[in-house]
Amino acid sequence: MATQAADLSSGHRWTVSPTPHEVITDYFTKNPDARFEHPDPYDVSRSDIYAEHRWQPIFAELRAKGPLHRVEKSPYGPYWSVVQHKAVQHVESLPELFSSSWQHGGITILDRPEPEDGQEAFELPMFIAMDRPQHTGQRRTVAPAFTPTEMKRLEDSIRQRTGEVLEGLPHGTQFDWVQSVSIELTTQMLAILFDFPWEDRHLLTFWSDWAGDTELAGIRDLDGTRRGILYEMAAYFQQLWQQRAQLGEAPDLISMMIHSPAMNKMSPQEFMGNLVLLIVGGNDTTRNTMSGIIHAFDRFPDQRKLFEEKPDLIPNAVQECIRFQTPLKHMRRTASEDTELFGKHIKKGDKVILWYNSANRDEQVFDDADRLDIERENARRHLAFGYGIHRCVGARLAELQLRILLEEIHARRLRVEVTGEVERVRANFVEGFRKLEVTLSKF
Ligand code: HEM
């Protein structure tokens, strides 16, 4: 049964279910043989190693062998894995040679689906998947929303909302932290950033889940369902866009984009694509770090104790938790010409995967890297936000939200313990939690 969200203006009801997870689970129940085969033991595109949280020793072995590895056979075709910290930075600093462009294949290990015969391709061009010079111009339309001054402006409302969510939580009774805190806070944040109709804010999460789920996009049978939901989203934003265009300049992201000088050079599809990028970019990532912090503190109770005793450590704890969680495991680049990389021959068109999860556990850079250490001196060197010209534009906002969450937990002397089921996301792109059952007490 579809859950209904409120109207934007008239008549149409916007639905917020089923979730992609429900649809995928149903699909594999009906098609048990459809799961991918992974004959190569070093094929780290397999999602079971992430769902079962046993990816660390595989990457440690790869790092010990060298910076770059080739996998010949995988469900995503042949690809190169870049697994060391320095090597990831090196590839990211050569954006002309290693392209992000969606026309070359985009930014995930999964190629964009080819349209079926007679069907129109549904493209959402985003600047994360563009090369210079287009990337530079389009990034400029949104960058002013993430300056330190803008962050100061947003801080009070983020703190107020965070406080309200924490105040509403039950004490002594088990509940799901993912639903009640991580999803709620990130959804509210996006609604504030876009000045999105508050009563419809859960649509942002719903669309983001459908737009950003790379596993789902790999199942051709489900492409139609996904496309239908994204068309609905496009229709909603079109109405919002028309409203904002009439209202003149305002500090929300949609108005900023509409009234930016670079907007004249953007097609309606690019405008839509960049909106989706901001929704998806700011959603799963921050959400999963909010869950990851709680899970990591529970696994390392000495670190939780340190946080409780020394709140001055919070800014560094945020960096360390982002390193430890690494909510996006990879970005993909495509070689734009034949080249040599770390002594190996790369052909034009080859897929090169930058594994941030591995870079952030690189023993050459981080001591005892599989351990959470909120006093770690070089936690800031993590590559969870990427590196170079595409480095995350929303990094400051993510850090602000996470810092405020920890400060407000501390101010209320809340201890959050994992007391029930923990379910991880089954994916090779997003690292996160579907469920994290916890109980609150006071320290
Ligand atoms: C790009 C991670 C939060 C918007 C990226 C990239 C990564 C990333 C890995 C690609 C970098 C590269 O290719 O070198 C994260 C993480 C976050 C987070 C780990 C939270 C902990 C956010 C937020 C927003 C956002 C809150 C906005 C609301 C974007 C955008 C890009 C981007 C627009 C494209 C930048 C470009 O191509 O120039 N992010 N992100 N992200 N992120 Fe984030």
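Modeller: Let us begin with A359, which is buried because 28 other C-beta atoms lie within 10 Å; a residue is buried if 20 or more other C-beta atoms lie within 10 Å of its own, exposed if 12 or fewer, and partly exposed in between, with C-beta atoms placed from the backbone. Please keep in mind that this is a predicted model, in which local features need pLDDT of at least 70, side-chain atom pairs count only at pLDDT 80 or more, and totals for chains, interfaces and linings use all residues. Residues are numbered from 1 along each chain as its sequence is written.

Colleague: Where is the place of A359, and what does A359 touch?

Modeller: A359 is in helix α15, residues 356-359, where helices (H or I, at least four residues) and strands (E, at least two) are DSSP runs numbered from the N terminus. Not counting residues up to four places away in sequence, A359 touches Q84, H85, V88 and L383, and contact here says that the C-beta atoms of two residues, placed from the backbone, lie within 7 Å. A359 and K348 are eleven residues apart in sequence, with 25 Å between their C-alpha atoms.

Colleague: Which residues have the most contacts inside the largest nonpolar core?

Modeller: They are V82, V276 and W355, in a core of 104 residues; such a core is a set of buried Ala, Val, Leu, Ile, Met, Phe, Trp, Tyr and Cys residues joined through C-beta atoms within 7 Å. Helix α12, residues 268-299, gives the most to this core, with 13 residues. Leaving aside neighbours within four places in sequence, V82 is in contact with several residues, including P67, L68, V352 and W355.

Colleague: Changing topic, how do α12 and α16 cross?

Modeller: Their axes come within 10 Å and cross at roughly 30 degrees, the axes being lines fitted to C-alpha atoms, for helices over the stretch in contact, with angles running from 0 to 180 degrees between N-to-C directions. The two helices are therefore roughly parallel to each other, since angles under 35 degrees count as roughly parallel, over 145 as roughly antiparallel, 65 to 115 as roughly perpendicular and the rest as oblique.

Colleague: And which residues meet there?

Modeller: G282, T285, T286, T289 and M290 in α12 meet L397, A398, Q401, L402 and L405 in α16. The residues of this contact divide into five nonpolar, five polar and no charged, where Ala, Val, Leu, Ile, Met, Phe, Trp, Tyr, Cys and Pro count as nonpolar, Asp, Glu, Lys and Arg as charged, and the others, Gly among them, as polar.

Colleague: What about α14 and α16, how do their axes cross?

Modeller: The axes of α14 (residues 314-325) and α16 (residues 395-411) come within 9 Å and cross at roughly 120 degrees, which means that α14 is oblique to α16. The contact is made by I314, P315, A317, V318 and C321 of α14 and E399, L402, R403, L406 and E407 of α16, and by class it has seven nonpolar, no polar and three charged residues.

Colleague: Is R413 buried or exposed?

Modeller: R413 counts as exposed, with 10 C-beta neighbours inside 10 Å, and R413 is found in the loop between α16 and β11 (414-424).
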